[in-house]
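Welcome to the tour! Please open your viewer, colour the model by chain, and get ready to select residues as we go.

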2 protein chains.
Amino acid sequence: MPRNKVIFALIENETDRKVSYKKRHKGFLKKAQELMTLCDIEMAAIIYSPYSDEPKVFPMVLQSTPF
Amino acid sequence: MPRNKVIFALIENETDRKVSYKKRHKGFLKKAQELMTLCDIEMAAIIYSPYSDEPKVFPMVLQSTPF
DNA sequence: GCCCCTATCTTTAGGCG
DNA sequence: CCGCCTAAAGATAGGGG
């Protein structure tokens with residue numbers, strides 16, 4: 001976006017796509033946090049990507065002792 | 001954010017909070033759409049708020065004939 | 001691959017009709 | 001309440017080490 005506008009389509013180059021994912025998922029989770037906190041609402045999100053083993057889950061799920 | 005910085009805390013004034021919600025949830029869903037499209041990943045989000053009757057669900061769920 | 005920089009694009013608070 | 005405007009804050013592509 002900055003140095004170049006964003007084109008609303010798949011980023012073809014895999015390296016670029018991964019870099020973009022890394023930056024954007026962070027921004028996305030921040031936005032989620034802000035929306036929840038500023039506006040006093042409840043929400044959840046889950047992101048599956050080939051870039052992390054575990055899905056990203058929002059809000060954080062605290063691991064309780066499993067059984 | 002613009003005219004004033006955002007303070008990371010509940011917006012106390014109810015009217016302001018609702019206005020903020022209305023703007024932000026839109027931006028949030030757009031970011032979700034971008035993340036999904038640009039980076040070729042799968043994700044879902046759900047937002048409960050007192051400002052809409054139905055929860056906002058991402059991605060769109062097409063209503064099939066209910067039984 | 002990572003983190004850091006920064007120019008530039010995008011989002012949005014506050015205000016008006 | 002809703003939609004539009006605009007300045008300023010925030011996000012981020014591209015590049016460097």
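Predicted model: local features only at pLDDT ≥ 70, side-chain atom pairs only at ≥ 80, totals over all residues.

Let us begin at a spot that is quick to find. Select Pro59(B), which sits in the segment after β2 of chain B. Most peptide bonds are trans.

Next, jump to chain A and pick Pro59(A), in the segment after β2 of chain A. Here, too, you can show the peptide bond, which runs from Phe58(A) to Pro59(A) and is cis, with omega near -5 degrees.

**Stop two: the sheet**

Switch to a cartoon view and select the strands of both chains. In what order do the 4 strands of the open sheet lie? Reading across, you will pass β2(A), β1(A), β1(B) and β2(B), and the pairing is antiparallel. At the edges you find β2 (56-58) of chain A and β2 (56-58) of chain B, each of which pairs on one side only. On average, neighbouring strands of this sheet are turned by 5 degrees against each other, ignoring direction.

Now zoom in on β1 of chain A, residues 42-48, and its partner β2(A): the two run antiparallel and are joined by 3 bridges. Select Ile46(A), and then look for Val57(A), its bridge partner in β2(A).

Stay with Ile46(A) and look towards the other chain. Which residue of β1(B) stands opposite Ile46(A)? Ala44(B) does.

**Stop three: a helix across the strands**

Select helix α1 of chain B, residues 14-39. This helix lies across β1 of chain A as well as β1 (42-48) and β2 of chain B. Compare its direction with that of β1(B): α1 of chain B runs at about 170 degrees to that strand.

**Stop four: where the chains meet**

Time to show the surface. How many residues of chain A are in contact with chain B? There are 33, and they touch 33 residues of chain B. Between them, chain A and chain B bury about 2800 Å², with 74% of that on carbon and sulfur atoms. Highlight Phe8(A), Phe28(A) and Leu38(A), the residues of chain A that lose the most area to chain B; together they make up 24% of what that side buries.

Now look for polar detail. Across the interface of chain A and chain B, 8 residue pairs are in polar contact. On the side of chain A that touches chain B, the elements giving two or more residues are α1 (14-39) and β1 of chain A. The largest share of that side, 14 residues, comes from α1(A). Colour the side of chain A that touches chain B by class, and you will have 22 nonpolar, 5 polar and 6 charged residues.

**Stop five: the salt bridges**

How many salt bridges does a search of the whole structure find over all chains? It finds 2, and the count between chain A and chain B is 2 as well. For one of them, select Glu34(A) and Arg24(B), whose side chains meet at 2.8 Å, N to O. Then select Arg24(A) and Glu34(B), which meet in a salt bridge at 2.9 Å, N to O. Arg24(A) lies in helix α1 of chain A and Glu34(B) in helix α1 of chain B, so this pair joins two chains.

**Last stop: two loops**

Finish with the backbone. Select Asp40(A), in the loop between α1 and β1 of chain A. Its phi is near 55 degrees, a positive value in a residue other than glycine. In chain B, Asp40(B) lies in the loop between α1 and β1, and this residue has a positive phi of about 55 degrees although it is not a glycine. Most residues other than glycine have a negative phi.

Terms used:
Residues numbered from 1 in each chain as written. Chains lettered and ligands numbered in written order. Heavy atoms only, no water. Pairing = 2+ DSSP bridges. Axes fitted to C-alpha atoms, helices over the stretch in contact; angles between N-to-C directions. Contact = heavy atoms within 4.5 Å. Buried area = accessible area lost by both parts, 1.4 Å probe. Salt bridge = Lys/Arg side-chain N within 4 Å of Asp/Glu carboxyl O. Polar contact = N/O pair within 3.5 Å; in protein donor to acceptor, adjacent residues only side chain to side chain. Nonpolar A, V, L, I, M, F, W, Y, C, P; charged D, E, K, R; others polar.
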